[in-house]
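Dear colleague,

Please find the structure below.

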Amino acid sequence: MNASFVYQVEAKTLNTGLTSQLGKKLGKYRLALDVPEHTADVQLYDCFDQTIQQSNRVLYRSNDQLTLISQNGLAITQPCDQPVNFVAKLAPGQVKTELADVSPLRALLAGTKGLQKSVQGKLLDGNAKTVARLSIQCWAASPDSNWHCFITFEPVRGYVKAQQAVLKALANNKALQPHQVLSPTLIFNALGYIPSGYDPKPTLHFKGKPNAITVASQIIHTYIDVARANEAGVIADYDTEFLHDYRVSLRKVRSVLSLFKGVYSAPQTISLKQAFSEHMNPTGQLRDLDVYLLEKDRFYSLLPASLHQGLDLMFTQFEKERAAHHHKLSKRFASQAYQQAMAALSAQFSANSNVIKPGPQAKHLAASYAQTLIWKRYQKVCKIARAIDAQTPDEQIHELRIDCKKLRYLMEFFAPLFAAKSIKALIKSLKVLQETLGLFNDYSVQQESLQAYLATHANKGTAQHIAIAQSVGALRSVLSHKQQQERDQVVAKFADFDNDTTRNEFRQLFKQQESS
Amino acid sequence: MKIIACYSNKGGVGKTATSVNLAHALALSGKRTLLCDLDPQGASGFYYRVKPSKKLQHDAFFKDVDKFTKSIRGSDFELLDVLPANMTYRDFDIFLSRMKNSRSRLKKALKAVNNDYDVVLLDCPPNISTLSESVFKAADHIVVPVIPSTLSERTYEQLLTFFDEHKLGKKKLIPVFSMVQRAKKLHLETMERMHKRYKKTFLNAYVPFSTDVEKMGVHRAPVLDFARNRPAAKAYCAIWEELKQRI
Ligand SMILES: Nc1ncnc2c1ncn2[C@@H]1O[C@H](COP(=O)(O)OP(=O)(O)OP(=O)(O)O)[C@@H](O)[C@H]1O
Ligand SMILES: [Mg+2]
């Protein structure tokens, strides 16, 4: 009794071939196919980073139904009569529940299209009684392409002989290709799905024993590409992650320039830093507004209803400003000048380019160069962290956060040069510490920027301004309290990080043995 | 799991028609349903195109619970299975009376499918005998089709007397009018009289006399399948709706 088998067949038309091929082998049973007149349009959805496909699932919409097929071939469905964008905005349902792992910040984007038909096959005995069923799922990339049909057998209780007859006929048919389940991969193939290939953190592969400048240029080249992959999404304004990833990528480029000291010549480094800053700066305000708007619900929840009026006024302004900034940045990204500037920057770092002026450390072997940088940074982190107590000024905590971030970047950049398992574990434990520091910083930045906002906006002296000022004041005190709470965590989190195992690992991986 | 028997001490009143269509209505409303054809004629199996089971030997039937469940057939409708009539059921009554402790054995066999079904519907053959008595015990409810005629009125009275004499729970009885012809004055009068007499025991919904029911033999399918929007089909749904409130 093996009912969990799927047989695949490719066909130009659905009806004739299969019926006559299988029908002949079914003895006294007759195969009846119910082929629907209409095909349904299928629209696949996934995030830009392919969260759904990466986890081996297919999400598609067809006929106002949203269907999610998981790795084991199980399909769940929910009605869907609204445009699909964020998981959070889907109507409650099974599919929504199953998509809980998709980032709330990422929009579901319409991707590959195709066609679908569900054919019901019945095996009939002499009384025209159904004694077995075949469910045939057919997929095609377009009206002109072949149908990929997946036949699943469904037994009817009590009809063992019929079941054996069908299974035998299916198994013996050479045209049919057996699969364990109707997996997402099979559907992707049938629809000719081409993944976007976007990876915000691509794994770098270095050839042989690279030197420092090779590694630096390769990282920079990679992250310029990552940044640029996000431009279209920023313009289309699908979600805020496009701009965020764009900025993170450019920040990584800049940190290579500042952390890899002496790899490029000093004037070269300065001019590159400046070039990248020129691309980064125009994105800052839009990002700040994005963050506010993402925090909107939380801000409301932090304040009593009596202070919501000020928030209403403030967020209305934010939305207006955001629209203006988005318009401006979109124009910039679409402009020829920008496109050319980015392309030129990228070309400088390509493998066969030699326009970049090397510095004194350029030929240093990357591995030992990395060890030096990481070990130094690690020691600095420990030194600051171990000195922290209740009296330490906030500036020190900020300092620690920045050094942790630099350490993390260095480890991630150079990761391919070290044993993957060890370095991954170290990065993971560093991440935990960084989370606390990150929150500490977010609360602090939000207070400052709210204050700055108050100073520069909101028509001083008007009733509006007073309402906003009241709300902002209250918000700042809540945020300040939260910041303090995170700060109190830092010492404990560092103590967790600063254990014997981690310390030994750092020493072993990154401390260079003095050659005697 | 609920066991509902469809029974009458009179033949040809529409027991099979009611079982077959009720079973389908139940399945359509989402209940996992098993229709048991206890009549050796195998009429309800016929309507579902299920052949009478040859394999079942009557002694094995109640000894081997596994065989009982193996002889169940999936119908052409979702959630609805059929236990076909056993060809050797001809001596069903005698067989049962010979068996000691038959009631609990029958119950046991029925309980073997406990997890599989929400409702088990029994289409019974038409006479009061040991089998019927054991069915009365096993069933949670007994649907009794009654044709609204003077004769049927008396037959129903006899059934009540039988229940009294054998100290069976009359509350299980759920009479429903069958083959009702509204054009017949006699039918209407009888219905009114019996509604009054047996206060609130008769269902308000009833099965009308309908050629659709007769056509079931041609289509070999329940009326809801081929005449979904016609009065008979709607009547069976209404009966199930009302029955649901009682059970
Ligand atoms: N509502 C109805 N309208 C018209 N004809 C009906 C109706 N119900 C049943 N019949 C017909 O009456 C005959 C007897 O019906 P059915 O077989 O359902 O009764 P029964 O009580 O099961 O009979 P038996 O006692 O033989 O088992 C059948 O030919 C059937 O088609
Ligand atoms: Mg009958």
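In the classes used here, Ala, Val, Leu, Ile, Met, Phe, Trp, Tyr, Cys and Pro count as nonpolar, Asp, Glu, Lys and Arg as charged, and the others, Gly among them, as polar. This is a predicted model, in which local features need pLDDT of at least 70 and side-chain atom pairs count only at pLDDT 80 or more, while totals for chains, interfaces and linings use all residues. Residues are numbered from 1 along each chain as written, chains are lettered from A and ligands numbered from 1 in the order written, and side-chain values use heavy atoms, without hydrogens and water.

The largest pocket comes first. By class, its lining has 13 nonpolar, ten polar and 19 charged residues. Helices H8 (241–259), H10 (284–294), H15 (394–414) and H16 (420–456) of chain A each supply at least two lining residues; helices (H or I, at least four residues) and strands (E, at least two) are DSSP runs, numbered from the N terminus. H16(A) gives the largest share, eleven residues.

The interface comes next. Ten residues of chain A are in contact with 16 residues of chain B, contact being heavy atoms within 4.5 Å. Between the chains there are two salt bridges, each a side-chain nitrogen of Lys or Arg within 4 Å of a carboxyl oxygen of Asp or Glu. Lys129(A) and Asp76(B) form a salt bridge at 2.9 Å, N to O. On the side of chain B that touches chain A, helix H4 (65–70) and strand S3 (73–74) of chain B each give two or more residues. That side divides into five nonpolar, three polar and eight charged residues.

Yours sincerely
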